[in-house]
Protein chains: 4
Amino acid sequence: MNRPIRYAMVGGGQGAFIGGVHRKAMALDGQYRMVAGALASTPEKARASGRELGLADDRNHADWRALMEDELRRDPAERAELVCIVTPNHLHHPIAMAFVQAGFHVACDKPLVQTGAQARELAQAVARSGRVFGVTYNYTGYPMVRQAREMVRAGELGELRKVVVEYHQGWLSRAEEATGNKQAAWRADPARGGPGGAIGDIGSHAENLVSTVTGLVVEQLCADIGALVPGRVVDDDDAVLLRFRGGARGVLTSSQVMAGVENGLRLRVSGTQGTLEWLQEEPNRLLHSPIDGPPRVLTRGAPWLCEAARRACRLPPGHPEGFLEAFANVYLGIAAAIRAHAEGRMPDRLEADFPGIGDGVRGIAFLEAVLASGESQAKWTPVGA
Amino acid sequence: MNRPIRYAMVGGGQGAFIGGVHRKAMALDGQYRMVAGALASTPEKARASGRELGLADDRNHADWRALMEDELRRDPAERAELVCIVTPNHLHHPIAMAFVQAGFHVACDKPLVQTGAQARELAQAVARSGRVFGVTYNYTGYPMVRQAREMVRAGELGELRKVVVEYHQGWLSRAEEATGNKQAAWRADPARGGPGGAIGDIGSHAENLVSTVTGLVVEQLCADIGALVPGRVVDDDDAVLLRFRGGARGVLTSSQVMAGVENGLRLRVSGTQGTLEWLQEEPNRLLHSPIDGPPRVLTRGAPWLCEAARRACRLPPGHPEGFLEAFANVYLGIAAAIRAHAEGRMPDRLEADFPGIGDGVRGIAFLEAVLASGESQAKWTPVGA
Amino acid sequence: MNRPIRYAMVGGGQGAFIGGVHRKAMALDGQYRMVAGALASTPEKARASGRELGLADDRNHADWRALMEDELRRDPAERAELVCIVTPNHLHHPIAMAFVQAGFHVACDKPLVQTGAQARELAQAVARSGRVFGVTYNYTGYPMVRQAREMVRAGELGELRKVVVEYHQGWLSRAEEATGNKQAAWRADPARGGPGGAIGDIGSHAENLVSTVTGLVVEQLCADIGALVPGRVVDDDDAVLLRFRGGARGVLTSSQVMAGVENGLRLRVSGTQGTLEWLQEEPNRLLHSPIDGPPRVLTRGAPWLCEAARRACRLPPGHPEGFLEAFANVYLGIAAAIRAHAEGRMPDRLEADFPGIGDGVRGIAFLEAVLASGESQAKWTPVGA
Amino acid sequence: MNRPIRYAMVGGGQGAFIGGVHRKAMALDGQYRMVAGALASTPEKARASGRELGLADDRNHADWRALMEDELRRDPAERAELVCIVTPNHLHHPIAMAFVQAGFHVACDKPLVQTGAQARELAQAVARSGRVFGVTYNYTGYPMVRQAREMVRAGELGELRKVVVEYHQGWLSRAEEATGNKQAAWRADPARGGPGGAIGDIGSHAENLVSTVTGLVVEQLCADIGALVPGRVVDDDDAVLLRFRGGARGVLTSSQVMAGVENGLRLRVSGTQGTLEWLQEEPNRLLHSPIDGPPRVLTRGAPWLCEAARRACRLPPGHPEGFLEAFANVYLGIAAAIRAHAEGRMPDRLEADFPGIGDGVRGIAFLEAVLASGESQAKWTPVGA
């Protein structure tokens, strides 16, 4: 095993949810060590969060600018190599720009930024820097999602025709944002969560899942989005018709108001030769229904999986891996890319298997098109490049 | 048990599929006896089909007009009381009109007719006749669908917000209509199957399922329909955004080109208090996820089901009932209505629990709106009354 | 379609459960017509039951002896060809002996009789008579059970090693027999239901399922049986270790006191090349897990099933068939055998595919061995031939 | 978060499976830091393994005695506090005895030792030492297993009647031990794996699952155990009838030759008021079927779970946790107990929620009884205290 990669975290302090997920995911495989942080939006809370996580006082900062300055002052041998950005969405852009331009590798939560212009600007900065940039669309880190992707690439479904993707939750069925739920509050506030509500929070995962598995490009879409909970100012329920380049069609639904539903991300992809179905809540299996034979239940860890899937497994079949392991797979890819960068070489596709700046930019273009379509009376809205 | 009701069948002879289903469904509970028929589109085939089914020679007719004339000549004590119409769709209208106007009770397959004008004309004729008219939307005959309907009516989901219905098949993934498959051929021929392909064949069931369970009224819709199999002249893949009166939203997908998928009719209905999910391929269970407690698996036959569901069960829990039993439930309702008519009384709601002329008319209005929207560049198309 | 076979029923009147199941199963495919009966244990109830079912007065009898005498007096052209025996278990033997000896074909519910001596006597009578004799072990009528049987026969599992069969219910978790439940009362009364409780009622089905699918012969067994509900005088919970001829092993559990469980009959069979799993509550699928590839979900109706399974299907894949259809498949086999008998020919194996007198005899030998083992302190009890 | 606990590992080097699982499980929550090891059975391999894992040279030992001596020489502030024993089974006893007697806290893999005498000796040593001793029966670390345990304790199932537990795998369907599979080789060698094959390797987990969830005590048992793969010298397929103190009954099966089966550990527990079912391959749900209402699907993370289950969850409902997280839960309990020990206080039941020396001793008593019964012709074999 290699020396752990040093990382700093921005956001993810006390009361946050996703920061702890990132830390556990990074800890799981022993590839990372947290050395610094600016963990919350107020100096007091940031410092308290850092102390709780065992950060040294001199690397436990009140804000991300202080963190960056301090890191840049330090010897490269102790400096954080990677910066993880897990703040509310509206802060992704300035922080990511700053750290990229300063020469750090960056892992940023999704959605990448808030506008297409920001996304393009950041992509250019990343390209100029030559640094590693990951976007933590964690669901594509599941082994069976990678299996699906490789099967599509290998032509096992034939020519793709139809995609049905849904991401259904119920936890925002009430106006949680009005009752002190911190997770709900920033998501429901356009100033912090961005103009998209459910579409940005979970529709973005659905888009990434489709794009990753199918490789299809959405050319135009037709969206009906809105809020079903009275008083909510961002969308909480979305349905989007998709037309892909080349003639395939799709439907994407994302909803956070299907009361009683937990975390129902489900993908179905059909081609001329068969259909794949994957459900996040039972992530260790992938159902493959070929046109001319019985459905096959592909399971995580099985020796007949493709290499991309097998590399993403830690345990034998029947020993379930879950959300954290999938998240950790994204970070394994980022680690491999960082190590390859240090060695001055290009990592191969399966080694550096993680969503990058391109995924982030595409996600924002999709988000903008959905929001535009939601406002439009025209049936079809084109999706920007 | 009452004396069996005498029935005649139009269509459903050799090589047909659904006619035999109707006959088995009617046989199951001993409520019906076939006495006459005009079973196919050519005299020879009609007669051969009738002989095979044991029809007396003098009641085994070459065409439906001969059947009707003969029946009208007979003593009411031996005359067919009910006429079942199971021809290709384009013949539903003239045959149903004729038998209704002649005073017969009628059971007609779906979709009812081919245009809204035909539907309204037929509805008026039914109203004038006072006879029983059933439309065999068989999927709403499942006990757990009735359970879902009653739970919605009783307010157990609160105010409805979201409906996701899908009807996915794969059996038309190839151009079966070009290879001698009789079932595929008439469905893919607009002259016989009507202008709607998948939307008429299976989308119609999905619409009826939604309307029956939720009671919601579709006000406007946005459809993307088309053929994904090269050369096909009717739609084989559809996606429809729905806006219901009162603000609820929905998505309906129907596809017959999801290769490897069997008969995937699935309904999800969410309201402020919870979500119901039902899957036709596992019809004996209904998942109820309330907002404030664990999901409950409601199973057919359980003593805690509502009366409408319990009446639709023949067997104790754990003894699966299937497609034929659900179909038979539609015919049990029709039989109850015919008996009530004979007794000069109105049957109660749960006794005569079957889809009627109103369901048929609404289904055609929906179908017309979907086809219009498919041609339109406007986002929303209103659905006629 | 052939002329329906005329049948008489003994037992199955008002308040009975299984008689109505037999009648529906026989009605489904139009192969049978009920012409006579002696439907209950008291003359009044027998007559009332027959009237309700539309029996002619002169063929609606007070007891089975009167029925037999009357039928024998009648012209063969109107005489019942088949007699269905659906009485409580203790009456199977005298009634079956009488009708077999009188030259009728017989269908008898399981368990066949109450002792091995009775079973052998009846088997000899059947052999002498040359008539058709079916035992309605209905669960082996499911298409996917037949698929499993044929796969084993064809060697797709390799050499068999292990069988795990369970039949779990919960409906006798309370002392229902003490509270007026008629179904519970006769089963819990050794004088009517026989010395075996759960083992006779449902363990018998599990045994038949194993024997039918695997063809294995139980050589010795070790049973722990008893009553877990206080006051019950027959077993309600059983566990049996099985040793098969040739070295394979098995475990059979049958319980009627697993509170909240419906009708959980599940079979798993493993051989050197793979494992099959079938669950009665989801009967349209059979899971095949080969040793060297992903599990395959075999579904009812699929074109790649074996002929024995395809013949047992009425509907295409995805259109569920259930308990009644499986029951009806047993009666289709009996009908085919009766017709072949009338034509003076031997039906082929797949035509006359139903459990016969041999299954009944084997079932009683198993039952006797389990009851003996339950009383024994020796580990292994041999199973009689 | 507290300072990480320092640990040393014995066994678990290159080519081992379970050692890496322990390390990942300990890493996940940041509660542990590996400081020393003696990782393999030969000095060269031990050292190479330690280097790969980043151990300092002076704490990377050739054998466990050297490790122990070195640690004892060190300052308590840097000394390993916990020793994890993940060697083949035959080494558990001497190593555990030595470290316990030397005053270390110990986590030992299962089965604890190889004989009842060893187990009792070790238990006495642990009692004398006052140190923390965990046995990594990891499956009882799943949140939904803890939920089941608490529901039983709270009486939600009423009086327990029946337990059915199975642990089925297929990976030893061939003589893998003869083909260079290291995992298979030591398990199939009584000198290293112990006299029990499947019963020790996986039956032990099944026993622990039953004992943990139900609290029932096995009084006597009847076992049929043996090898179904030719040439194998330890059992690979077991079936055990259980009689519990108080009258409940059970069946335990463990098999490693059900070809095509992955890791099928399933528990069903029935009482007078209902039944629980849990399946390790879908560990995030627990099915509760009460006697008087519909089954309830309890899911990991839900707010209505008991405290013991909620404490064992890292993520919200619908975000699957798996095998590693359950394993990590065992280590969280051990960490809590070690910290409480350091603070001189007794941890509460839910804080120190992990299998201890008592579980290990009971497991060995069970194992001995099963092996004795397997050799016996008497039906029932008592289980030692």
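**Exercise 1. Relating the chains**

Which rotation, and what shift along its axis, superposes chain C on chain D?

*Solution.* Before we start, note that this is a predicted model, in which local features need pLDDT of at least 70, side-chain atom pairs count only at pLDDT 80 or more, and totals for chains, interfaces and linings use all residues. Residues are numbered from 1 along each chain as its sequence is written, chains are lettered from A and ligands numbered from 1 in the order in which they are written, and side-chain values use heavy atoms, leaving out hydrogens and water.

Step 1. Two copies of a chain are related by a rotation about an axis and a shift along it. Chain C is superposed on chain D by a rotation of 180 degrees with a shift of 0.0 Å along the axis, and the RMSD is 0.0 Å.

Step 2. The C-alpha of chain C nearest the axis belongs to C:Lys379, 2.0 Å from it.

Step 3. Of the interface residues of chain C, 100% are also interface residues in chain D, so the copies meet through the same surface.

**Exercise 2. Aromatic pairs in chain D**

Describe the ring pair of D:Phe99 and D:Phe104, then that of D:Phe323 and D:Phe327.

*Solution.* Step 1. Rings of Phe, Tyr and Trp (its six-membered ring) pair if their centres lie within 6.5 Å; planes under 30 degrees apart count as stacked, over 60 as edge-to-face and the rest as tilted. The whole structure holds 40 aromatic pairs over all chains.

Step 1. One of them joins D:Phe99 and D:Phe104, with centres 5.3 Å apart and 75 degrees between the planes, an edge-to-face pair. D:Phe99 is buried at 0% relative accessibility, and D:Phe104 is buried at 3%. (Buried means under 20% relative accessible area, exposed over 50% and partly exposed in between, with a 1.4 Å probe and protein chains only.)

Step 2. For D:Phe323 and D:Phe327, the centres are 5.9 Å apart and the planes stand at 50 degrees, so this pair is tilted. Both residues lie in helix H11 (residues 323–342) of chain D, 4 residues apart, about one turn of the helix. (Helices, H or I with at least four residues, and strands, E with at least two, are DSSP runs numbered from the N terminus.) D:Phe323 is buried at 3%, and D:Phe327 at 0%.

**Exercise 3. Two helices side by side**

How do H4(A) and H5(A) pack, at what angle and how far apart are their axes?

*Solution.* Step 1. Helix H4 (residues 92–101) and helix H5 (residues 116–129) of chain A pack at about 15 degrees, with axes 9 Å apart. Axes are lines fitted to C-alpha atoms, for helices over the stretch in contact, and angles run from 0 to 180 degrees between N-to-C directions.

Step 1. H4(A) is therefore roughly parallel to H5(A). (Angles under 35 degrees count as roughly parallel, over 145 as roughly antiparallel, 65 to 115 as roughly perpendicular and the rest as oblique.)

Step 2. Among the residues of H4(A) that meet H5(A) are A:His93, A:Ala96 and A:Met97. The H5(A) side includes A:Leu122 and A:Ala125.

**Exercise 4. Buried places**

Where is A:Thr136, and which residues does it contact?

*Solution.* Step 1. A:Thr136 sits in the loop between strand E5 (133–135) and helix H6 (143–153) of chain A. At 1% relative accessibility, A:Thr136 is buried.

Step 1. Apart from neighbours within four places in sequence, the contacts of A:Thr136 include A:His22, A:Asp109, A:His205 and A:Tyr331. Contact means heavy atoms within 4.5 Å.

Step 2. For practice, look at D:Ala259, found in the loop between strand E9 (249–255) and strand E10 (264–271) of chain D. D:Ala259 is buried at 0%. Residues that D:Ala259 touches include C:Ser270 and C:Ile291 of chain C, and D:Gly170 of chain D.

Step 3. Finish with helix H6 (residues 143–153) of chain D: 10 of its 11 residues are buried, so H6(D) is largely enclosed by the rest of the structure. Just after H6(D), D:Gly155 takes a positive phi of about 85 degrees.

Terms used. Least-squares fit on C-alpha atoms with pLDDT ≥ 70 in both.
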